[in-house]
Each structure stands twice: as C-alpha cells, then as structure tokens.
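Colleague: Hi! Could you walk me through this model in plain words?

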Amino acid sequence: MRIEVRDLGYIYSEGMPFESVALEGVSFTVESGEFAAVIGHTGSGKSTLLMHLNGLMKPTHGCVLADGIDINEKTKEAREARRKVGLVFQYPEYQLFEETVLKDVCFGPKNYGFSPEECEAKAISALKLVGIDPDVKGSVSPFELSGGEKRRVAIAGVLAMDPQVLILDEPTAGLDPKGHQDILDMVKKIHTDRNLTILLVSHNMDDAARLADRILVLDKGHLAMDGTPQEVFSHYDELHSIGLSTPSASELLHLLKQKGLNVNPNIFDEDEAAEEIVRALNNK
Amino acid sequence: MAIKDITLGQYYPGDSVIHRLDPRTKLIGTVLFLVSLFVVKSFTGFLFCAICLGILVKLSGVPFKFMARGLKAVMFLIVFTAVINLFMTPGTPIWQFGILKIAREGIYRAVFMAIRLVMLIFGSSLLTLTTKPVAMTDGMERLFRPLAKLGLPSHELAMMMTIALRFIPTLLDETDKIMKAQTARGADFESGNLRERAKGLIPLLVPLFVSAFRIAADLAMAMEARCYRGGDGRTRMNGMAFTRLDRIAAVLIVLYFAAVIAIGRLPLF
C-alpha cells in the first residue's frame, strides 16, 4: 500500500494560550513495499505524524492518502484503508489486557468483524511471524510473559489485522541489546515475508542506516530531509545542527578525519568503516 | 482531548498579591467566602459578594476567560439545578402546562441558585488557580494538625492528596495513550448502547490499572529510597509564614464577613 502525505499540518490546542504547531507543510510519499525510517529529535513531531497516518489524529490541514483514498473520509473504504495501516505505539506491551495471549491478539480482527475462526487463524499466523509459539504461549496470560515477549505479542496484536503498512514507533525502546536486535530482525523478517510497507521511527541512526531504504528527517514539525540513507547521512553538519547524528561508524570516521587521517567519512557500515580505516592507515 | 480542557482545579502560574498569600489564609478565606454565599439572602448581597470576588480576580491576574472555562464542566449541574428549582418551587403560578407549572417564586429561586452556584465555583477555582497543589496540601496539613490529637492522620491525608493531584495528569496521559493504542486496533469507545460501551472500556481499564499499580510501586520504592517514613519529625523545604500581607488579608476577610451579615439583616430585594 502506498502512503501519500500532502501538505500535512497540525496545531495543538488551536486558539488557546498553549497553542503549538506540531506539524507544518509535511509532504512525502512512501511507496508500496518500501522500508522507510523516520528520525528526529524529541518533540520534532514524529509521534504526531504517525498518528495521522492511520486517522487517530485529524490534520488541521492537508491530507493523508492510502492508495489514493483519503483516510479521514467517513466512507467504508476509508475505514478499511485505516485498518490496513497498522500502528505499533511505543511500549506497546501496555495495551495488553486479555486473559490469554491468543485472545489478546484476536482483539484487533474481532473489532473488524471477522468470525472467531478467522480471528484465531490470523492470530496464530501473527504470533508465528513474531516468533511466539502459539501452542506453548497462546493460552498463557500476557502478564506472565517477559518484557521482550510482551512486546512481540503486542506487535502480533497489530499484525493480526493484516495491515499492508506497518508503522512502528521506537519498537526497541527499553530493551536490552539482544532484545533490541531480535525485534529489529523480526521487523526485517516481517518486511520480507509479508512484503509490507514499513515506517520505523528510531532514535538509533545505526538501525536506520542498516534497515531502511529511505530516511525521513523531521525537525520542529517540518520535513528537513528525505532521501536514501547514503544521501541523508552525508549531511553531517546539518544533522548535528538539529540535534541528530550520523551512524556511529560515520561519527568515528569524521573524528579520525578531523584528527588528520585521510578517510572517507560517509561510510555507515561497521565492516566497511573498518576496511576504510585499514586502507587509510596502509596508505599513510 | 477534551479532558485536558478542564480548567477546574488547575494552577495558573503568576506572582500576584493573591498568589503570594499564605495557603492557610487563602483556605480559610475561601471557606468563609463559600459560607458567606449561604448567609446571603438577597440579590443586593450577591452583588456585594460579586464585586468583592471581581476585585480579587482582578488582583490575581487570572484572565476572566480562563476562569469562565472552568464553568463549562459544571454547566450541566447549574442548568439542572435551575430547571428543578424553576418547576418545583410552590407559589403563585404564572405559567402552566399540564403538570408543569412555573411560579413567580420559582423564577426567583432558580436565578438565585444559579448565581450562588456560579459564585461558589468562581470562589473555589480562584483558590486552586492561585495556589500550587503542593502549597495547598501543605496548608491543609497545618490547618488540620490540631486534629491529630483526635487521631486524624493529617500528614498522611495531605501526602495522599499531594500524590493524587500529582498523578492526575500522568494518569490522563496514560489513558490517552492506551485509548489511542486500542483505537488503532479497532476498538470503539464512542458508539453502542450502555452495556456495549461499558464492555468496551475493559481494554482501557485493565491496562490502566496495571499502569497505576506499576507507577504506585515505583513511587513507593523511590520514596523509601529517600528515607520517607511518615510525617513525624519531618521538616519542610519551604516553611510557611504569615506575613504583613496575610494580616491585611485577615482583617479584610473579617470586614467582608461582617458586611455580608449586615447586608443580610437589611430588608433588601
């Protein structure tokens, strides 16, 4: 599914003394099957933007189109389009509430009127996709799971609605390095297995560079940059001026360059960076 | 979200004369003002109260529009009271339709009650708008301290109130987040009959309770880590002291109350 955002604007508490502009003139298109990362400083409007993409928030102006359908229309097609945009919030495990894992994952499809059998089939396939064995964990209370498992179950709760676009707001927040890596591997797998369009909000530039085909940079409610990781992360100074950075490999190369080593700093992969450093040292 | 628009009980930052008064002075003053509204028997009396309140609001620097917004939340109550009074007061009927009738006395009482309610709300919101919640509970704790001899745990009550006030915005935020997350999964909180709606709240309430318990456990741990062990022998960072301002206020409050009683004794409309 193709997501098109046109001149999107949102103002919080319009007309009140605490009025603040959260988004202004944001336009971009994410093509079907694309993996895009959204990066931005805290308060840059990332979360507000995400909530607009499946109609949780109504734009003050501009519109959001999913395969050409304005998702804020009151029609059945618009509701259907909203269902196809799955949104996984930060700390999604806080949304778990049912008695068993399976029932909780069924909640989404049930709300959209699927039959109990269909719900269960969707739930089981979603649980398998996130790496939770439905036969072992399906009948357990979600509150008995570990932190990482809870998060997977919560993500399965969104996947069970068969979205065509999956939006994840910092899915790795608060996890240990292994949990972090596992969740990202899972996202990658979902992207390839189901060929979903993915929008990933991240604070981690390494993740963004490694996973995404496309990077959107938000700053103070504006779309500051939009391009491939290669394009975006080569703007070292601009990124730093808006409180962001480049992937750690590139940060290190920039430091080495400043100290006088003749390296190309626009390398974002650790292995390639190591080779570049070795090359530069050998040429010395 | 609409919940955030409620100004009743909110603090409006400022440094006016009213803001600087000791919370105890403001608490006692507010209680006396509220009592005075029940002493008043005439419109002239209300006019006097309204003028005094108006001066206080002006002094506090809180915009009138901001205060009036607090009324919105209780508008239903005011209208409801007025309507009940309008129809239920016996007296000389001036309009009748079936069992519904309006008496002259009814109109008088309805208007009277509405004014009283509006003034009650303005009076009490002036207190909350100009006093930080923590200062307010500190003031209450001090005022209730003499009752400790009767077994009233005034410090514990004040601490509970401080914590409750502190966590209202946190829990509202939490509610908002969970609601959005469940809405994203197709939950519907707005349509259906009463039974369906009540059932629809389960996906919201269960996670909210889980959150509340988590927050409570974290807070208890943080308090114990800083050696909190109840009110005995506890000192304050910001001690309360009556100043010249409070003495002037005390005299004015007494004068005001005397005036209200005096007006009440005059045969006025």
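Colleague: Let's start with E170(A): is that residue buried, exposed or partly exposed?
Modeller: E170(A) counts as partly exposed, because 18 other C-beta atoms lie within 10 Å. Buried means 20 or more other C-beta atoms within 10 Å of a residue's own, exposed means 12 or fewer, and partly exposed is in between, with C-beta atoms placed from the backbone. Please keep in mind that this is a predicted model, where local features need pLDDT of at least 70, side-chain atom pairs count only at pLDDT 80 or more, and totals for chains, interfaces and linings use all residues. Residues are numbered from 1 along each chain as its sequence is written, while chains are lettered from A and ligands numbered from 1 in the order in which they are written.

Colleague: Thanks! Where does E170(A) lie?
Modeller: E170(A) lies in the loop between strand 7 and helix 7 of chain A. Helices (H or I, at least four residues) and strands (E, at least two) are DSSP runs, numbered from the N terminus.

Colleague: And what is the phi of E170(A)?
Modeller: The phi of E170(A) is positive, about 40°, although the residue is not a glycine. Most residues other than glycine have a negative phi.

Colleague: Which other residue has a positive phi although it is not a glycine?
Modeller: D67(A) does, at about 50°. D67(A) sits in the loop between strand 4 (61-66) and strand 5 of chain A, and D67(A) is partly exposed because it has 15 C-beta neighbours inside 10 Å.

Colleague: Back to helix 7 of chain A: what unit does it make with strand 7 and strand 8?
Modeller: Strand 7, helix 7 (residues 177-194) and strand 8 of chain A make a right-handed β-α-β unit. Right-handed means that, with the strands pointing away from the viewer, the path from the first strand over the helix to the second runs clockwise.

Colleague: How many bridges join strand 7 to strand 8 of chain A?
Modeller: Five bridges join them, and the two strands run parallel. Two strands pair if DSSP finds at least two bridges between them. V165(A) stands opposite T197(A) in strand 8 of chain A. Strand 8 of chain A also pairs in the parallel sense with strand 3 (residues 35-40) of chain A, over four bridges, and there A37(A) is opposite L200(A).

Colleague: Why is strand 8 of chain A largely enclosed by the rest of the structure?
Modeller: Five of the five residues of strand 8 (residues 197-201) of chain A are buried, so the rest of the structure largely encloses this strand. T197(A), L199(A) and V201(A) point one way, and I198(A) and L200(A) point the other way. In a regular strand the side chains alternate between the two faces of the sheet.

Colleague: What is the strand order in the open sheet of six strands?
Modeller: The order is 6-7-8-3-9-10 in chain A, with mixed pairing. Strand 6 (85-88) and strand 10 (222-227) of chain A are at the edges with a single partner strand each, so one side of each has no neighbour in the sheet. Strand 9 (residues 214-219) of chain A pairs with strand 10 of chain A in the antiparallel sense over five bridges, and I215(A) stands opposite G227(A).

Colleague: Which strands form the open sheet with antiparallel pairing?
Modeller: Four strands of chain A form that sheet, in the order 2-1-4-5. Its edge strands are strand 2 (20-30) and strand 5 (69-70) of chain A, each pairing on one side only. Seven bridges join strand 1 (residues 3-12) of chain A to strand 2 of chain A; in strand 2, V21(A) is the bridge partner of I11(A).

Colleague: New topic: how many residues does the contact take from chain A and from chain B?
Modeller: The contact takes 18 residues from chain A and 15 residues from chain B. Here, two residues are in contact if their C-beta atoms, placed from the backbone, lie within 7 Å. Helix 3 (101-111) and helix 6 (147-159) of chain A each supply at least two residues of the side of chain A that touches chain B. Helix 3 of chain A gives the largest share of that side, three residues.

Colleague: And P133(B), where does that lie?
Modeller: P133(B) lies in helix 6 (residues 133-144) of chain B. Leaving aside neighbours within four places in sequence, P133(B) is in contact with Y11(B), T162(B) and L165(B).
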